[in-house]
Amino acid sequence: MALPHRSVRARADRPRTRTRHPRHLTRTAAALAAALALLSPLGAVGAAGVASAASAAGQETPAADVAVQINTQAALGRLSDTARGVNAAVWDAHMNDPEVASLMKAAGVGAMRYPGGSYADIYHWQTHTAPGGYVAPGTGFDAFMGTVRATGAQPILIANYGSGTPEEAAGWVRYANITKGYGAKLWEIGNEIYGNGHYGSGWEHDDHADKSPREYARQVRAYAAAMKAVDPTVKIGAVLTAPGNWPDGVVGQGDAGDWNHTVLAEVTDVIDFVSVHWYAGGSDTTADAALDRLSRLPGELREVRNQLDRYAGADSPRIGIALTEVNTNTGGAQLTARPNGLFAADAFMTALENGVFNVDWWNTHNGVDRITTVDGETDYGDMGMLSSGGCAGTVCEPAPNTPFHPYYGMRMTGELGAAGDTMVAAASSARDVSAHAVHRRDGRLSVLLINKNPDAARSVDLTYAGFTPSAAAPEVRRYARGDTGITDVTGSGASASRVTVPPYGMITVTLAPQPGTGTSAAGTPGTPRLEAVTDTTARLSWAGASGAGRYLVQERDGAHTWVVGESTGTSVTLRNLPAGSTHTVNVLASDASGRISAPSDPLTFTTGTPSDAACAVTYHRDTGWGNGFVATVTVRNLSATPVTGWTVDWDWPAEGQSVSSGWNAAFTQTGRHVRVTAPEGSGPLAADGASAVSFGFVGANDGPNPDPTVFRLNGAVCSGS
């Protein structure tokens, strides 16, 4: 297997570049409205706005290139006050320039991470030193906190694990929160500790003799105890690797499991969040390729939550997920260019919509690297949002703190919504046009459209469920070629039903609700909790809402929702669910007049397999290396009759999972579906579990690698583990 690599280039005048590891549908407006009315029983009223102009004229409106459906009754969660964040590093001489705070405040930045990635594991806060690295003047902790406060943000602080101690971390908590009263709540234990050499590739400093994940878990417990003894209100974060990215799946010598499973098995009772990093990467390091790879991020974040569910159980919802480093790639190409601005906007919202409370861009400033030309502009190969003002040969960046395109990408997400607003489902029919939507607390709806096509503008038809826009012209903001910043283009032709997005451009459309619509006397129900689950049922409960006469439980698939349960109380049992199936649900309250409240935050759960099945399957992942693995499957026949000529079927939970080669059986795969057939000449599977058959295979995964949830023997669902 190919091992990850990391190039290290550190000089006193410039930090190293961070290098990571391997890791049209067209419809008429009338047809869209009719389809939406069929698919959205709770809120198709808003769809009529699209077809109204066509019907008034007695003819159809010409079809747009893209159809986008927004459903305000399908909540994806609320924006936290730390949703948008950036990294800050002690080697960055411009870290605390006054312009930084004003720029970040304008972008709605709510979190700033310090002291800077891998430097965290050599940095000693009290002496403001980093042995073996460069520390710029004026970047000490108090100076950093001045910028944080001027921004109106919160700090995310990384306690030194690599060369520090629990006592040193506790001293930092005492200074920050007791002596200075900074109220720093979010504290990570180390940076990328899985990169300490335990798996054969090392870039993260770690002085511990034992570099295993179990030792890291033991130390996390010690750090948490020491730090919370000083201030019980601090939140402790443990470092995980992103599923599907090296070293996910790798089991080190003497370890019982890979990094994530070993750490989580020991720490879920003492941590408050986990920290993961995600660089789109891939063999093609362009930002355009990274935009495509964003489709893998939701599955990877879901797998992090699955792992938390496995080890924390009912306590899992308490533990948050922070994406504390994100960028397209670390190869020094297409980083300041326009496509990386599109990526920034898309990545921030994709992550936030998929269950994280914080996303931090790497980096505020980083430094010039490889010079290229992208979209007619100079790309400086700089992973920063703001210019450092450095030079590569005769080519120099613009003045320090000049925003690059990723800054405006993040700022466009600020045009979409603020802390406390609700992200809602938005589905686009086109791969090269992303759509994100936020239902604001004041009742307005904002939609962000990102056109990743560099050559053509895209016309977009907008339809709504659960929201009826007013007749007033929407507020429109644009960031596209020719714009020197985010530009107000209200009144330029965009409407509630049709928007044109320039090539390589972004548009936000903010709509007011039609008077008299969208108001309910009922409050918003609490997030549903999974009380019990079997192979076919799930019992849910939630905190009640004021003014509620009854509650509706609805399931979501993209922007399509349907009612799956009703109750006059605050619990319901969903029945007749398929074994091993995954469901995402919200709860809504109905008032005495039948008007529907805002939706709760979502819950995702998976049903089990039958305990009394006529067969049993054990799936065991023997080893892995980030983008590949070896697994063994063992099958038993528990029925009273022998089984001859068996087949075993399963479906992969994620895109990018496949069987490469296998043994002791014949393998075929179509899409996500795998069928395994008994080898020629094999004997029967004995009755009552008296014999077993095992087969194995080499698998590949491009992204997350969750285990299959359901196996079938000759079509019958088996119990499984």
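Strands, which this tour uses as landmarks, are DSSP runs of at least two residues, numbered from the N terminus, and the model you have open is a predicted one.

Next, select D375, in the loop between β10 and β11 (377–379), where phi is positive, near 55 degrees, although the residue is not glycine. Y504, in the loop between β20 and β21, also has a positive phi without being a glycine, at about 50 degrees. Are these two residues buried or exposed? D375 has 30% relative accessibility and therefore counts as partly exposed, whereas Y504, with a relative accessible area of 4%, is buried.

Now colour the open sheet of nine strands, whose order is β19-β18-β21-β16-β15-β14-β1-β17-β20, with mixed pairing. Its edge strands are β19 (487–488) and β20 (498–501), each of which pairs on one side only. Helix α10 (residues 338–353) lies across several of the strands, including β15, to which it runs at about 45 degrees, while helix α11 (residues 405–416) runs at about 15 degrees to β21.

Finally, select helix α7 (residues 259–267), which is largely enclosed by the rest of the structure because seven of its nine residues are buried. Among the elements covering those buried residues are α6 (213–230) and α9 (297–312).

Technical notes. Residues numbered from 1 in each chain as written. Predicted model: local features only at pLDDT ≥ 70, side-chain atom pairs only at ≥ 80, totals over all residues. Heavy atoms only, no water. Buried < 20%, exposed > 50% of the residue type's maximum accessible area, 1.4 Å probe, protein only. Helix = DSSP H or I, 4+ residues; strand = E, 2+ residues; numbered from the N terminus. Contact = heavy atoms within 4.5 Å. Pairing = 2+ DSSP bridges. Axes fitted to C-alpha atoms, helices over the stretch in contact; angles between N-to-C directions.
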